[in-house]
Amino acid sequence: MEKRVIFKGLWLPLLLVAPQMVITAVFFFYPAGQAIWQSLFIADPFGLKSQFVGLGNFEYLLADPFYRASFLTTAIFSISVTLVSMGVALYLALLADRLIKGSGTYRTLLIWPYAVAPAVAGVLWMFMFNTRVGVVAWYLGVLGYDWNHVLNEAEAMGLVVVASSWGRISYNFLFFLAGLQAIPRSVIEAAAIDGAHFWTRFRTIVWPLLSPVTFFLLVVNIVYAFFETFGVIHTITSGGPQQATTILVYKVYSDGFVGQDLGSSAAQSVILLGLVGLLTIIQFKFIERKVHY
Amino acid sequence: MATLSLQDIHKSYGATAVIHGVSIDVNDGEFIVIVGPSGCGKSTLLRMVAGLETITGGDLFVNDARVNDDEPMARNIAMVFQNYALYPHMSVFDNMAYGLKIAKMPKAEIAERVGKASKMLQLEPYLQRKPRELSGGQRQRVAMGRAIVRDPAVFLFDEPLSNLDAKLRVQMRLEIKTLQRELGVTSLYVTHDQVEAMTLADRMIVMNAGIAEQIGSPLEVYETPATLFAAQFIGSPSMNVLPGTGTGRGVQLANGVTIETAVLCNGPVMLGLRPEHLVADKAGPLVVLVKMSEPLGANTLLHGQIKGIDQDFVVSLPGVHREADIKGERRFSIPAAATHVFDAISGKRINA
């Protein structure tokens with residue numbers, strides 16, 4: 001039996017949950033409601049009056065090739081960011097886990113990038129790869145590679161993926177390292193005595209035992225790639241070239257606040273909301289079942 | 001089936017030496033127990049044999065082949081860990097089959113071997129369960145099964161019973177011994193429990209601070225402990241040790257009483273008297289002030305002090321004695337053959 005504290009009466013429990021409820025209401029339910037409401041209207045270019053169009057905004061959006069392209073861009077972007085940031089983090093965590101001397105320093109240094117705000121990280125990477133003054137771009141030029149993410153779509157995508165993953169690696173690293181250290185040493189040793197070499201051990205013991213951590217990071221990273229990478233994209237490419245890096249959340253911004261099409265922007269937010277909700281439900285329903293041992 | 005040989009095995013972490021040269025030749029099928037207090041290096045020694053710790057000095061042979069630099073998997077050993085170290089995400093069957101699958105054994109043979117081992121260990125009804133669905137004793141058996149199926153040259157046990165409750169420990173102890181006899185596999189068993197050591201061992205290594213104090217059969221160690229440490233560590237309750245002066249075939253204690261000994265000794269010595277060898281004797285030389293008693297049923301432990309010596313003294317008398325009857329001054333004697341004399345400085349047994 002789970003032990004619970006029982007509060008008598010109604011007022012104390014209400015008071016205790018109130019702060020969280022207020023925050024959720026103000027910052028989630030209210031804006032989400034507004035977005036749903038607005039998505040049913042078209043505003044005139046000056047924002048003076050709006051006209052009810054029902055699901056017109058959605059119909060228009062789903063027929064728009066740019067919007068559909070943005071879906072594909074988002075998929076490529078978020079899968080790449082998740083794979084890169086989790087893959088590199090896992091690799092570093094495996095190395096750190098084997099380290100005895102100096103692991104404290106190593107860990108501290110690896111955590112620092114997490115403290116850099118996404119927008120700042122974006123500016124940092126933008127300067128390094130700037131086609132005229134960027135250090136990395138210049139060295140690439142010396143090596144005979146003409147780097148230009150302002151014109152080249154693949155390079156632009158690569159750069160925002162790397163810049164978005166960079167700070168994220170620290171976060172994932174921490175979780176992976178904690179997960180690895182939670183695996184009892186003797187289990188690994190037993191596998192070694194059973195004849196399993198490093199990679200066999202990783203595949204058959206470490207990876208399955210790490211799966212709850214991996215699953216958690218997967219959910220968190222996908223949500224991160226969907227929403228929180230706005231700053232990086234805004235500072236480095238502003239969604240270009242030719243919308244090659246315009247992910248859904250960036251399109252919400254550019255259509256709504258640059259293009260002043262508030263109705264469409266709101267409709268996009270609603271679709272995004274539904275999409276993330278759906279993704280999370282799928283992840284929890286189908287993947288989570290397999291990760292608990 | 002194998003012999004195991006440790007020759008002058010040393011271990012140090014940087015400048016800190018923790019094992020100072022242990023040597024033993026283990027015969028085929030022999031059950032060796034390494035016993036000692038925590039921190040004496042017994043687990044480290046076992047882990048060096050397993051290949052989980054590097055050997056910093058000396059040689060280790062399995063079947064006359066030097067295996068110092070071999071990986072654990074190449075040494076043909078199996079180990080049972082203190083916390084069992086079962087793979088939590090695998091069923092009992094997969095836990096046992098893991099090593100065989102890695103060795104790429106045909107499926108039919110894996111099933112046969114696991115089937116045989118699980119029958120021997122009464123694990124057949126649980127093969128599809130996960131470790132978390134098993135009791136402590138069952139997990140212990142799975143860990144044993146995992147070792148058995150691989151048919152190794154040597155079994156290593158690292159305090160395998162210390163996580164079980166007292167009753168189960170006694171039962172599993174017997175099971176381990178029966179199994180080891182049945183399979184005839186050379187075994188090395190680490191424990192801090194001297195009762196486990198006494199009951200399981202063909203021969204035991206008594207370890208203290210990285211040194212093998214004595215290597216011998218349980219009764220050898222009990223009857224003729226080589227050092228003061230071995231004398232006090234083996235036997236329960238532990239041996240009474242009193243400082244004194246050797247006077248030929250006797251030891252004069254601090255209170256002037258002389259106890260007859262079987263050996264010749266002179267100068268400062270330590271006299272060892274096992275509590276169970278003391279005999280109630282109205283004319284005995286040892287006057288004990290009994291303060292407390294602990295009835296154990298088969299025998300009674302008396303706690304007190306020898307008159308004139310400020311040191312705790314324990315006597316174990318057969319049968320039941322009421323505390324009220326036994327309290328106060330009691331006289332005891334001890335046969336000369338049951339006394340043990342040790343050098344006061346080196347702690348070594350005097351045998352002359």
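Analyst: Happy to! Keep in mind that this is a predicted model. Of the 293 residues in chain A, 30% count as buried.

User: Good to know. How many helices and strands are there in chain A?

Analyst: Chain A has twelve helices and two strands. Reading from the N terminus, the order is α-β-β-α-α-α-α-α-α-α-α-α-α-α.

User: And what does the C-alpha trace of chain A span along its principal axes?

Analyst: About 75 × 75 × 30 Å. As for its contacts, if you take those in chain A between residues at least 6 apart in sequence, 69% join residues at least 24 apart.

User: Let me zoom in on a helix pair. At what angle do α3 and α7 of chain A pack?

Analyst: Helix α3 (residues 65-98) and helix α7 (residues 153-182) of chain A pack at about 40°, and their axes are 6 Å apart. α3(A) and α7(A) are therefore oblique to each other. The crossing of α3(A) past α7(A) is right-handed.

User: What kinds of residues make up the contact of α3(A) with α7(A)?

Analyst: That contact divides into 19 nonpolar residues, six polar and two charged.

User: Nice. Over to the interface: how many residues of chain B are in contact with chain A?

Analyst: On the chain B side there are 18 residues, in contact with 15 residues of chain A. The elements of chain B that give two or more residues to that side are β6 (77-80) and α2 (92-102). The residues on this side of chain B comprise 14 nonpolar, three polar and one charged.

User: Staying in chain B, which domains is the chain divided into?

Analyst: Domain 1 covers 4-233 and domain 2 covers 240-343. The C-alpha centres of these two domains of chain B lie 38 Å apart.

User: How many residues of domain 1 are in contact with domain 2 in chain B?

Analyst: Four residues of domain 1 of chain B are in contact with five residues of domain 2 of chain B. The domain 1 side of that contact has three nonpolar residues, one polar and no charged.

User: Why does D8(B) count as exposed?

Analyst: Because D8(B) has 11 C-beta neighbours inside 10 Å, and a residue with 12 or fewer counts as exposed. K104(B) is another one to check: phi of K104(B) is near 55°, again positive in a residue other than glycine. K104(B) is in the loop between α2 and α3 of chain B. With 8 other C-beta atoms within 10 Å, K104(B) is exposed.

User: You mentioned α3 of chain B. How far apart are the axes of α3 and α4 of chain B?

Analyst: The axes of helix α3 (residues 107-120) and helix α4 (residues 136-149) of chain B are 9 Å apart, and the two pack at an angle of about 135°. So α3(B) is oblique to α4(B), and the crossing of the two is right-handed.

User: Which residues make the contact between α3(B) and α4(B)?

Analyst: From α3(B) you have R113(B), V114(B), A117(B) and S118(B), and from α4(B) G145(B), I148(B) and V149(B). Those divide into four nonpolar, two polar and one charged.

User: Last one, H20(B). What is H20(B) in contact with, leaving aside neighbours within four places in sequence?

Analyst: H20(B) is in contact with H10(B), G210(B) and I211(B) when those neighbours are left aside. H20(B) and H10(B) are ten residues apart along the chain, and their C-alpha atoms are separated by 5.2 Å. You'll find H20(B) in strand β2 (residues 16-26) of chain B. With 16 other C-beta atoms within 10 Å, H20(B) is partly exposed.

User: Great, thanks for the tour!

Methods. Residues numbered from 1 in each chain as written. Chains lettered and ligands numbered in written order. Predicted model: local features only at pLDDT ≥ 70, side-chain atom pairs only at ≥ 80, totals over all residues. Helix = DSSP H or I, 4+ residues; strand = E, 2+ residues; numbered from the N terminus. Buried ≥ 20, exposed ≤ 12 C-beta atoms within 10 Å, placed from the backbone. Contact = placed C-beta atoms within 7 Å. Nonpolar A, V, L, I, M, F, W, Y, C, P; charged D, E, K, R; others polar. Axes fitted to C-alpha atoms, helices over the stretch in contact; angles between N-to-C directions. Parallel < 35°, antiparallel > 145°, perpendicular 65-115°, else oblique. Left-handed = near helix turned anticlockwise from the far one by under 90°. Domains from an automatic or database assignment.
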